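Hi everyone, thanks for coming. I'd like to walk you through a few local features of one structure, so let me put it on the screen.

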Amino acid sequence: MVFFLILAIVLGGLAWIRLAPSDPAVWNVDPQVTADQDLSNGVRRRIPGGAETLQALNAIILATPRTDVLVGTPEDAQITYVTRSKWMGFPDYTTVKAEDGVIELYARARFGQSDMGVNHERVESWLKALRAREAAAEDA
């Protein structure tokens with residue numbers, strides 16, 4: 001009986017992680033990035049760029065597996081994405097904002113004290129892909 005109770009609690013917790021609603025009012029916040037920061041459960045980055053760079057970055061982010069837009073569009077100049085982990089479905093939120101020739105990225109985990117570097121790795125891979133795309137465009 002105790003085993004089934006514990007199993008029900010664990011399954012309920014996993015269902016909550018996977019199915020919990022994502023409130024745009026909570027997650028679509030101004031990144032307020034003044035400098036690059038590596039946080040225990042996320043990362044903040046600031047790069048030069050405008051609307052064209054935001055469009056390119058949006059395409060790169062949307063090509064990431066298990067990533068969807070929570071709210072926003074490149075035309076809004078602020079977009080929040082949800083990326084879920086492969087096996088457990090843990091959500092990570094990334095808000096990207098373009099303003100005054102600067103793009104700010106703020107990626108963070110919803111659950112836990114640490115994301116084990118996942119957001120850092122993901123954001124750095126996006127920025128690397130963006131630099132490669134910009135370099136290819138310059139060579140063309």
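Let's begin with F4, which sits in helix 1, the helix running over residues 2-19. This is a predicted model, by the way, so please keep that in mind throughout. Is F4 buried or exposed? Its relative accessible area is 57%, and since anything over 50% counts as exposed, F4 is exposed.

Now for a patch of another kind. Which residues gather in a patch of negative charge on the surface? They are E52, E134, E138 and D139. Helix 4, residues 118-139, supplies the largest share of this patch, with three residues. E52, for its part, belongs to helix 3, which covers residues 51-62. With a relative accessibility of 70%, E52 counts as exposed.

From the surface patches, let's turn to the aromatic rings. How many aromatic pairs does the count come to? The answer is one. The partners are W27 and Y93, and their rings are stacked. Centre to centre they are 4.0 Å apart, with 10 degrees between the planes. The planes count as stacked because that angle is under the 30 degrees cut-off. What I like here is where the partners come from: W27 lies in helix 2, residues 24-27, while Y93 lies in strand 5, residues 91-99. The pair therefore ties together parts that are 66 residues apart in sequence. And are these two residues buried or exposed? W27 is buried, and Y93 is buried as well.

Last stop, the backbone. Two residues here deserve a look. For Q32, phi is near 50 degrees, a positive value in a residue other than glycine. You'll find Q32 in the loop that connects helix 2 with strand 1, the strand at 37-39. Q32 is exposed, and its relative accessible area is 58%.

Then there is D100, where phi is near 55 degrees, again a positive value in a residue other than glycine. Where is D100 found? Its place is the loop between strand 5 and strand 6, the latter spanning 102-109. D100 is exposed too, at a relative accessible area of 75%.

Methods
Residues numbered from 1 in each chain as written. Predicted model: local features only at pLDDT ≥ 70, side-chain atom pairs only at ≥ 80, totals over all residues. Heavy atoms only, no water. Patch = residues over 30% accessible without salt bridge, like charges linked within 9 Å, V, L, I, M, F, W, Y side chains within 5 Å. Areas by Shrake-Rupley, 256 points an atom, 1.4 Å probe, with all protein chains shown as cover. Salt bridge = Lys/Arg side-chain N within 4 Å of Asp/Glu carboxyl O. Lys, Arg positive; Asp, Glu negative; His and termini not counted. Charge placed at Lys NZ, Arg CZ, Asp CG, Glu CD. Helix = DSSP H or I, 4+ residues; strand = E, 2+ residues; numbered from the N terminus. Buried < 20%, exposed > 50% of the residue type's maximum accessible area, 1.4 Å probe, protein only. Phe/Tyr/Trp six-rings, centres within 6.5 Å; stacked < 30°, edge-to-face > 60°.
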